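Hi everyone, thanks for making time this morning. Let me put the structure up on the screen, and then we can walk through it together.

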Amino acid sequence: MANESPVTGSAETFLVDEAAQLAFGARLADCLQPGTLVALHGDLGAGKTTLVRGVLQGLGYRGRVRSPTFTLLEAYDTTKPRFCHLDLYRLADLEELELIGIRDYLDGDWSVWVEWPQRVPELLAQADADIHIDYSRGGRRVHIEARTASGALLLEYSA
Ligand code: ADP
Ligand code: MG
């Protein structure tokens, strides 16, 4: 890896169906550290929310996981880490993000997973890992890029 590159590694996997997507998310939960910010990239319907559902299952959450399409933010009182799910697709302006209390979730206790992170470049810039999800052969190709040590932990569980 080039010394200049801030990326600490990457990994790619193919997930054949929704069950595989959920199971993959659950595996990622095993190594998820408080404070880890994950940027989720992919078209509508790519499976970003499904992956988050899997992570939450892996963290032991058994309740319903709603897409934060309209609420922008859903918080889950899981332990180690607590979990925050953002969907910025419908975000109107940065002020709205402040109003939902985004700062409280960036204090290091929470792992924050963000759909449509490019809507807020300041947030995207802070990501520990980028997860790109693309349609492929009826399933999904998932590519993880780590930017920091806590992001790189996700790679170990993604092989
Ligand atoms: P997004 O949040 O990216 O808009 P969703 O997670 O809501 O997407 O999922 C969209 C659809 O894709 C769901 O119907 C889900 O069952 C399906 N899906 C998720 N992962 C896979 C996969 N690996 N292979 C096939 N279908 C999948
Ligand atoms: Mg979604």
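You'll find glycine 108 in the loop between helix 4 (102-105) and strand 5. Which residues does glycine 108 contact, leaving aside neighbours within four places in sequence? They are Pro34 and Gly35, where contact means C-beta atoms, placed from the backbone, within 7 Å. Proline 34 is 74 residues away along the chain, yet its C-alpha atom is 5.9 Å from that of glycine 108.

A quick word on what you're looking at: this is a predicted model, in which local features need pLDDT of at least 70 and side-chain atom pairs count only at pLDDT 80 or more, while totals for chains, interfaces and linings use all residues. Residues are numbered from 1 along each chain as its sequence is written, and chains are lettered from A and ligands numbered from 1 in the order in which they are written.

Seven strands make an open sheet with mixed pairing, in the order 1-7-6-2-5-4-3. At its edges are strand 1 and strand 3 (73-76), each of which pairs on one side only. On average, neighbouring strands are turned by 15° against each other, direction ignored; the axes are lines fitted to C-alpha atoms, for helices over the stretch in contact, and angles run from 0 to 180 degrees between N-to-C directions. Two strands count as paired if DSSP finds at least two bridges between them.

Let me go through some of the pairs. Strand 1 (residues 9-15) runs antiparallel to strand 7 (residues 139-146), with seven bridges joining them, and serine 10 sits opposite glutamate 145. On to strand 6 (residues 129-136), which pairs with strand 7 over eight bridges, again in the antiparallel sense. In that pair, isoleucine 131 faces isoleucine 144. The hairpin of strand 6 and strand 7 has two residues between the strands, and arginine 137 there takes a positive phi near 45°. By contrast, strand 2 (residues 37-41) and strand 5 (residues 110-115) are parallel, with four bridges, and alanine 39 has valine 114 as its bridge partner.

Valine 114 takes us into the core. Apart from residues up to four places away in sequence, valine 114 touches Val38, Ala39, Leu40, Leu86, Leu88 and Leu123. The largest nonpolar core has 34 residues, and Val38, Val55, Val112 and Val114 have the most contacts inside it. Such a core is a set of buried Ala, Val, Leu, Ile, Met, Phe, Trp, Tyr and Cys residues joined through C-beta atoms within 7 Å.

Over in strand 4 is cysteine 84. Why does cysteine 84 count as buried? Because cysteine 84 has 23 C-beta neighbours inside 10 Å. Its contacts, not counting residues up to four places away in sequence, are Leu73, Ala75, Tyr105, Trp110 and Val112.

Next, the helices. Helix 1 (residues 18-29) lies across strand 1 and strand 7, at about 150° to strand 1. Helix 6 (residues 149-156) lies across strand 1, strand 6 and strand 7, at about 145° to strand 7. Helix 2 is mostly covered, with 10 of its 11 residues buried. Among the elements covering those buried residues are helix 1, strand 2 and strand 3.

Last stop, ligand 1. Which of the 16 residues around ligand 1 come nearest? They are Gln21, Gly47, Lys48, Thr49 and Thr50, where near means a C-beta atom, placed from the backbone, within 6 Å of the molecule or strand in question. Helix 1, helix 2 (48-58) and strand 7 each give two or more residues to this shell. By type, the shell holds four nonpolar, seven polar and five charged residues. Here Ala, Val, Leu, Ile, Met, Phe, Trp, Tyr, Cys and Pro count as nonpolar, Asp, Glu, Lys and Arg as charged, and the others, Gly among them, as polar.

Key:
Contact = placed C-beta atoms within 7 Å. Buried ≥ 20, exposed ≤ 12 C-beta atoms within 10 Å, placed from the backbone.
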